[in-house]
Amino acid sequence: MSNAVQGPGPGPRTITTSVPARLDRLPWSRWHWMIVIGLGTVWILDGLEVTVVGNIASRLSEPGSGLAISDAQVTGLGAALYVAGACAGALFFGWLTDRFGRKKLFLVTLAVYLAATAMTALSFSAWWFFLFRFLTGFGIGGEYAAINSAIDELIPSKYRGRVDLIINGSYWLGAMGGALLSVLALNTDLLPKDIGWRLTFALGVVLGLVILLVRRHVPESPRWMFIHGKEEGAEKLLDDVEHTVEEETGERLPEPGSSITIEQRTSVGFLEIARTLFKSYPKRAVLGFSLFIGQAFLYNAITFGFSSILVKFFDVPSGTTGYFFAVIAFGNFLGPLLLGKLFDTVGRRKMIAGTYVLSGLLLFVTAWFFAQGWLNSTTMTACWCVVLFFASAGASSAYLTVSEIFPMETRAMAIALFYAIGTAAGGISGPLVFSALTSSGVVSDAVIAFSIGAALMTAAGVVAAFLAIDAEGKSLEDIAAPLSARVAAAGEGTSTPGAPAT
């Protein structure tokens with residue numbers, strides 16, 4: 001229950017609530033499955049979007065496609081605008097998510113994605129295509145902040161690590177579907193040149209509408225509600241959930257173990273967010289930057305020149321590279337699926353550092369094998385699968401890390417900031433670094449590309465070994481006290497603002 005005390009004057013109300021402990025003590029239930037399905041499936045759309053566009057670039061540039069655009073414009077300017085939109089959307093919607101709530105924004109961001117994707121399918125000119133690629137990225141970027149915030153605040157601490165990893169890893173199910181879908185879209189025996197690529201975008205709209213119907217039933221975060229003056233709504237929501245869970249399990253829930261006292265507030269300014277991230281938690285900020293930049297460069301080292309390497313070095317027909325990518329995408333999904341539980345049992349620090357360092361070292365080995373001429377298209381793909389099996393779990397843990405190690409009032413903005421930096425590094429710096437290396441047709445150049453990605457991933461793993469937080473099984477409020485939290489001062493009966501967790 002929550003107890004509210006109004007301070008003197010028109011200032012903020014102080015409340016004591018057990019909402020976080022009530023959420024964390026819940027056993028896994030159908031209610032949690034609804035959250036996973038409603039929030040997690042959007043990553044499938046993101047994977048579908050990115051993969052489809054890359055694989056159908058050659059078709060869009062062909063005469064008769066209905067669009068006057070070049071292959072380089074699709075994979076260059078189009079990709080850069082999508083990335084720019086994702087970065088801008090993450091920052092813009094991240095700020096709105098912390099201010100107006102998780103539910104409102106994860107509905108708005110999906111609506112933006114749906115509208116922009118539908119308009120992309122109707123493209124009649126290059127400028128129209130570029131505009132709506134930017135807006136599609138704008139919606140998807142906003143999804144990252146709103147959804148990761150909601151996931152971590154709604155899922156019990158015992159399961160938070162594995163659920164977050166698997167949901168973020170589901171991106172690769174979309175990538176796998178996008179790779180296979182592009183093979184069909186490029187088959188002119190089945191679809192005309194000017195129709196097939198449009199239908200791939202239309203399919204994204206259909207899937208998004210289905211997700212929107214499910215997502216309407218996902219609730220607002222009770223953690224966000226009690227800080228923003230909506231404690232009665234948070235209590236009512238949890239009363240209903242607890243009643244449903246007790247009926248489902250046939251057992252009475254134990255009493256919540258702790259409570260927290262906070263001063264309610266409506267918003268946090270950008271200066272306070274920056275001060276919190278970089279002054280109160282500088283080591284955690286370094287950790288977040290390292291994890292996102294490391295995984296961004298490793299993935300670009302492999303995936304940016306993936307098709308080019310298969311075609312140039314192994315004579316794989318360009319129309320069949322989608323099959324190879326589907327195999328790699330499946331390996332990426334298996335990583336978080338099979339390793340996710342270990343992040344809750346073995347622990348965050350060991351697993352984050354281990355997956356980063358191991359994937360980096362394995363990519364070094366792959367580069368050496370490639371330099372020696374020991375690989376063919378099949379064995380190269382197998383090596384990439386092994387590397388990305390571990391890298392995918394590590395990359396997903398980057399989102400988990402930045403969403404749980406900063407105070408609740410800054411959570412969405414923290415996710416947005418680190419996502420934007422990692423995405424910009426991978427989507428802007430990455431192509432500039434890797435494009436010439438992977439398309440030159442020179443073995444040593446591709447080896448350099450692999451080695452750069454491997455080195456940065458390994459370095460990020462070393463940083464994690466020293467700076468990662470042992471957050472497994474802990475309440476979010478114990479990992480990082482809310483900015484609005486108040487605790488009893490030592491030896492006194494009054495309250496003082498809580499200090500940041502170390």
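This is a predicted model: local features need pLDDT of at least 70, side-chain atom pairs count only at pLDDT 80 or more; totals for chains, interfaces and linings use all residues.
**Figure 1. Salt bridges across the chain.** Residues are numbered from 1 along each chain as its sequence is written, and side-chain values use heavy atoms, with hydrogens and water left out.

**Figure 2. Glu242 and its partner Arg22**. The closest N and O atoms of this salt bridge are 2.8 Å apart. Glu242 sits in helix α12 (residues 231-249) and Arg22 in helix α1 (residues 19-24), so the pair ties together parts that are 220 residues apart in sequence. Helices here are DSSP runs of H or I with at least four residues, strands are runs of E with at least two, and both are numbered from the N terminus.

**Figure 3. Asp24 paired with Arg223**. Here the closest N and O atoms of the salt bridge lie 3.2 Å apart. Asp24 belongs to helix α1 and Arg223 to helix α11 (residues 222-227), so this pair links parts that are 199 residues apart in sequence. Asp24 is buried, with 15% relative accessibility, and Arg223 is buried too, with 1%.

**Figure 4. Arg25 and the network around Glu242**. Arg25 forms a salt bridge with Glu242, with 2.8 Å between the closest N and O atoms. Arg25 is in the loop between α1 and α2 (30-40) and Glu242 is in helix α12, so the two tie together parts that are 217 residues apart in sequence. Through shared partners, salt bridges join Arg22, Arg25, Glu235, Asp239 and Glu242 into one network.

**Figure 5. Helix α9, a mostly covered helix**. Which residues of α9 are buried? They are Tyr171, Trp172, Gly174, Ala175, Met176, Gly178, Ala179, Leu181, Ser182, Val183 and Ala185, that is, eleven of its 15 residues. The helix covers residues 171-185, and at 1.5 Å a residue it should span 21 Å; its end C-alpha atoms are 20 Å apart, which agrees. The expected span is 1.5 Å times one less than the number of residues.

**Figure 6. Ser221 in its loop**. Ser221 is found in the loop between α10 (193-215) and α11, buried at a relative accessible area of 0%. Leaving out residues up to four places away in sequence, Ser221 touches Arg102, Glu153 and Leu154; contact means heavy atoms within 4.5 Å.

**Figure 7. Thr120 and its surroundings**. Thr120 is part of helix α6 (residues 102-121) and is buried, with 0% relative accessibility. Apart from neighbours within four places in sequence, Thr120 is in contact with Phe129, Phe132, Arg133, Thr136, Trp197 and Phe201.

**Figure 8. A nonpolar patch on the surface**. Leu203, Val206, Leu207 and Val210 make up this patch, with about 300 Å² of accessible area together. Patches gather residues with over 30% relative accessible area and no salt bridge, joining like charges within 9 Å and nonpolar side chains (Val, Leu, Ile, Met, Phe, Trp, Tyr) within 5 Å. Areas follow the Shrake-Rupley method with a 1.4 Å probe, and for residues only the protein chains shown count as cover. Val206, in helix α10, is partly exposed at 48% relative accessibility.

**Figure 9. Phe370 in the largest nonpolar core**. A nonpolar core is a set of buried Ala, Val, Leu, Ile, Met, Phe, Trp, Tyr and Cys residues joined through side-chain atoms within 4.5 Å. Of the 125 residues in the largest one, Phe370 and Trp384 touch the most other members. Helix α19 (residues 377-404) gives this core its largest share, 14 residues. Beyond residues up to four places away in sequence, Phe370 touches Phe313, Phe314, Leu375, Met380, Val443, Ala446, Val447 and Phe450. Apart from this core lies another of ten residues, among them Leu67, Ala126, Phe130 and Phe201.

Terms used:
A salt bridge is a side-chain nitrogen of Lys or Arg within 4 Å of a carboxyl oxygen of Asp or Glu. Buried means under 20% relative accessible area, exposed over 50%, partly exposed in between (1.4 Å probe, protein chains only).
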